[in-house]
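Have a look at the picture, try each task, then read on.

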Amino acid sequence: MRSVCGDKGLLTAVAKLLERPFDQARAELEAIKHPVRYANGVHDVMLPAHASYVAVQHLDSATLILYNDAGHAFLFQHARKFATEVTHFLAT
């Protein structure tokens, strides 16, 4: 089984996404009108927490959850807490 973190395809996809002009990304984010729950680990080196912070600034109804002692694997490091957050989000 290949590790997602080691997958060159994922890194290539993220790099291609980051090549897009910021104005285009901002317009796409601003077009999203439904509630969004955004989560990230503070120490994520693949998808920096700052990028998540910037993204939620352009969403009408977004909540950002940052796990301060976690990296890219916050879903596994905080599985129960994150599952509770998702359950609450989907129930509202």
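**Exercise 1: the rings**

Two aromatic pairs occur in this structure; find them and say how their rings are arranged.

*Solution.* Start with the rule: Phe, Tyr and Trp rings (six-membered ring for Trp) pair if their centres lie within 6.5 Å, and planes under 30 degrees apart are stacked, over 60 edge-to-face, the rest tilted. Tyr67 and Phe74 are stacked, at 5.4 Å centre to centre with 15° between the planes. Next, Phe74 and Phe82 pair edge-to-face, at 5.4 Å and 85°. Put together, Tyr67, Phe74 and Phe82 form one aromatic cluster.

A note on the model: it is predicted, so local features need pLDDT of at least 70 and side-chain atom pairs 80 or more, while totals for chains, interfaces and linings use all residues. Numbering starts from 1 along each chain as its sequence is written, and side-chain values use heavy atoms, without hydrogens or water.

**Exercise 2: buried or exposed?**

Decide whether Tyr67 is buried or exposed, and do likewise for Phe74.

*Solution.* Buried means under 20% relative accessible area, exposed over 50%, partly exposed in between (1.4 Å probe, protein chains only). Tyr67 has 5%, so Tyr67 is buried. Phe74 has 8%, so Phe74 is buried too.

**Exercise 3: around Ile65**

Which residues does Ile65 touch, leaving out those up to four places away in sequence?

*Solution.* Count a contact when heavy atoms lie within 4.5 Å. That gives Arg37, Tyr38, Ala39, Asn40 and Glu85 for Ile65.
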